[in-house]
Amino acid sequence: MTIIIQILGVAIGFGFLVFIHELGHFLAARACKVRILTFAFGFGPDLIKYTYKNTKYCIKAIPFGGFVSMAGENPEEATGAEGEYLSLEWYKKVFISFTGPFSNYILAVFLFVFVFNIWGVTTISKTSLIGSVIKNKPAAQAGLLSGDRIKSIDGVEVNTWSEMTENLKNKADKRAIFVIERGTYTFDATLAVDKNPATGTGVIGIAPFIEKSKAGFFESVYLGIKAPLSQTFMTVEYLFVKLISFEKPDISGPIGIMQLMGDATKSGMADYLKFLAVISVALGMFNLFPIPMVDGGMIVLFVIEGIIRKRISTKVVQVYNTIGLVFVLGIFIFATYSDFLRLGIGKLFGK
């Protein structure tokens, strides 16, 4: 039964996030008087369909997302007629492209506000207090427990979680001596530090202590707006640092995200909704990146169209989208490979 609930949670969650994204495009296209051919929830064969004013509305068999089909959005089929997407003024096309990712941000704000107001605010403790211990990992094997506090590692004092992780960073595949505080006494524990297969950093299989506090409505609204913005800035900063350092970023692909969403489903409604909010931000942010084919890349193309005051030819759009498709597929393959490494599947291939 639990597995069924997790599968439903993943399917409905992904479907809902993509549907909201496409709903943003749909409403903007309607406002710009673009002819909508199809507005669908899900993929595959139609389960329910209804045609109204030459637009087909349908619910499909596979609830993973949805799509909006607009007249003239395919460069090969665009004729330049009125009501076609590619025939619009450049700023209207920017507006339609932007509303999809923006809808994901709006959804994230509502979800965060709802969770904070109903269940309170959870924050990671800044101390080196252990919140949970993962089975069969070095910390569990050494007898460490939730509630223990790490005082030092190899003689170096640690007072915060960040100091502890920084100390472990270069200790992968090495042994380290930990001084642990448990209640009123301390003891030493020698651990064989594991290596995170995705990042190469040292880990011992522990999670930080989580603190929870109540939040009123206005504080929830403030935090609900702040959370997506903070997530965006931190992610962009992280990717920028990795890029200029020529280092491989640690990112999750579809397999990793589905696994985490399944775990969130099992953890309860608060964790599930909060995770949906986080993924909604990630979906909106990725689609705003200036990558050809995704919304951000199309916005760049249409802004250039406005600067040069000339409609970009369908041939250029085709080539641009092809480049984007190759790039997006590359990201997808890299992220999926990272998921395999994180799950330990790489060991099957002798790595």
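Modeller: A salt bridge is counted where a side-chain nitrogen of Lys or Arg lies within 4 Å of a carboxyl oxygen of Asp or Glu. The model is a predicted one, and by this rule it has eight salt bridges.

One of them joins the side chains of Glu 305 and Lys 93, with 2.8 Å from N to O. This pair links distant parts of the chain, for Glu 305 belongs to helix α8 (residues 295-308) and Lys 93 to helix α2 (residues 90-119), 212 residues apart. Both Glu 305 and Lys 93 are buried.

A further salt bridge is formed by the side chains of Arg 182 and Asp 148, again with an N to O distance of 2.8 Å. Here too distant parts of the chain are linked: Arg 182 is in strand β7 (residues 175-182), while Asp 148 is in the loop between α3 (138-141) and β5 (149-153), 34 residues apart. Arg 182 has a relative accessible area of 23% and is therefore partly exposed. Asp 148, by contrast, is buried, because its relative accessible area is 2%, and buried means under 20%.

The side chains of Asp 154 and Lys 171 also meet in a salt bridge, at 3.9 Å from N to O. Asp 154 lies in the loop between β5 and β6 (156-157) and Lys 171 in the loop between α4 (161-168) and β7, so this pair ties together parts that are 17 residues apart in sequence. Asp 154 is partly exposed, at 39% relative accessible area, whereas Lys 171 counts as buried at 16%. Elsewhere, Asp 46, Lys 56 and Lys 60 are linked in a network of salt bridges.

Helix α2, which holds Lys 93, also packs against helix α5 (residues 217-244), at an angle of about 135 degrees and with the axes 8 Å apart. The two helices, α2 and α5, are therefore oblique to each other, and their crossing is right-handed. On the side of α2, the contact is made by Tyr 105, Ala 108, Val 109, Phe 112, Val 113, Phe 116 and Asn 117. From α5, the residues in contact include Phe 217, Val 221, Leu 223, Ile 225 and Pro 228. By class, this contact of α2 with α5 has twelve nonpolar and four polar residues, and no charged ones.

Key:
Residues numbered from 1 in each chain as written. Predicted model: local features only at pLDDT ≥ 70, side-chain atom pairs only at ≥ 80, totals over all residues. Heavy atoms only, no water. Helix = DSSP H or I, 4+ residues; strand = E, 2+ residues; numbered from the N terminus. Buried < 20%, exposed > 50% of the residue type's maximum accessible area, 1.4 Å probe, protein only. Axes fitted to C-alpha atoms, helices over the stretch in contact; angles between N-to-C directions. Parallel < 35°, antiparallel > 145°, perpendicular 65-115°, else oblique. Left-handed = near helix turned anticlockwise from the far one by under 90°. Contact = heavy atoms within 4.5 Å. Nonpolar A, V, L, I, M, F, W, Y, C, P; charged D, E, K, R; others polar.
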